Amino acid sequence: MKKLLIYLGIVVVLFGGLYFVNQQSTKSSDQANAGNPYGVAASKLNPETVKQLTDPNYQNLILPKDLDQRLKNKETFFQYYYASTCPHCKITTPVLVPLEKELNVDVKQFNLEEFKDGWQKYKIDSTPTLVYYKNGVEVDRMVGGVPEQGSTGGNTPEMFKAFFQKYKG
């Protein structure tokens, strides 16, 4: 009888330990997903997207359902399409975000790396792409980013500023 109680005690302690470890794991997983607007575990996101979760330049994200709702509601807005793995986007986004703040323009960011069906759905050929929608219909777009230091071609910060000012209203 003593052996049975000892074995039973060991089993209870083991299950208690497993429960405790599982609770701690769930807590840390929830903390890792705090601030994750994608609605999926960070482990399911591209590593480049995970790096951007805390980057101040990538905090104005929009999900497909919200973008579709804006288009359906015939809203007028600027939309920035980028991919978290795109080297041109990584150069352009830190230029655009301060411009948006300076001009008081709200530009939502759509990550095509995580929502790949957006390429075809929103007719995006390359990233970055900045689109102006009026009453839910595309009016104009800028394709391409700011060139790397020392490179020529591409869009300058002044060109982006002019684009915003042209449609800002």
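This is a short tour of the model, stop by stop, with what to select at each one.

**Before you click**

You're looking at a predicted model, in which local features need pLDDT of at least 70 and side-chain atom pairs count only at pLDDT 80 or more, while totals for chains, interfaces and linings use all residues. Residues are numbered from 1 along each chain as its sequence is written, and side-chain values use heavy atoms, with hydrogens and water left out.

**Stop 1: colour by confidence**

pLDDT is the predictor's confidence in each residue, from 0 to 100. The chain averages 89, and 92% of its residues reach 70 or more. Now select residues 28-32: pLDDT is below 50 there, and beyond near neighbours in sequence the stretch has zero contacts in the model (contact means heavy atoms within 4.5 Å). Where pLDDT is low, the predicted coordinates should not be read in detail.

**Stop 2: the sheet**

Switch to cartoon. Helices (H or I, at least four residues) and strands (E, at least two) are DSSP runs, numbered from the N terminus, and two strands pair if DSSP finds at least two bridges between them. Four strands form an open sheet in the order β2-β1-β3-β4, with mixed pairing. At the edges sit β2 (107-111) and β4 (137-143), each pairing on one side only.

Select β1 (residues 77-82) and β3 (residues 129-134), which are antiparallel and share five bridges. Across this pair, Tyr-80 faces Leu-130 and Phe-78 stands opposite Tyr-132. On to β3 and β4: they are also antiparallel, over six bridges, with Lys-134 opposite Val-137.

Why is β3 largely enclosed by the rest of the structure? Five of its six residues are buried (buried means under 20% relative accessible area, exposed over 50%, partly exposed in between, with a 1.4 Å probe and protein chains only).

**Stop 3: the helices across the sheet**

Show α3 (residues 64-72), which lies across β1, β2 and β3 at about 150° to β1.

**Stop 4: the core**

The largest nonpolar core has 35 residues, and those with the most contacts inside it include Leu-67, Phe-78, Tyr-81 and Leu-130. (Such a core is a set of buried Ala, Val, Leu, Ile, Met, Phe, Trp, Tyr and Cys residues joined through side-chain atoms within 4.5 Å.) Its largest share, five residues, comes from β1. Zoom in on Leu-130: setting aside neighbours within four places in sequence, its contacts include Phe-78, Val-107, Met-142 and Phe-164.

**Stop 5: Thr-93**

Thr-93 is in helix α4 and is buried, at 0% relative accessible area. Show side chains, and you'll find a polar contact of 2.8 Å between Thr-93 and Tyr-80 (a pair of N or O atoms within 3.5 Å; within protein, one must be able to donate a hydrogen and the other to accept it, and residues adjacent in sequence count only if both atoms are side-chain atoms).

**Stop 6**

Select Thr-127 and Pro-128: the peptide bond between them is cis, with omega near -5°. Pro-128 sits in the loop between α5 (118-121) and β3.

Next is Asn-104, in the loop between α4 and β2. Asn-104 has a positive phi of about 55° although it is not a glycine, and counts as exposed at 70% relative accessibility. Finish at Asn-135, which takes a positive phi near 55° in the β3 and β4 hairpin, where two residues separate the strands. Asn-135 is partly exposed, at 44% relative accessibility.

Note on methods: Axes fitted to C-alpha atoms, helices over the stretch in contact; angles between N-to-C directions.
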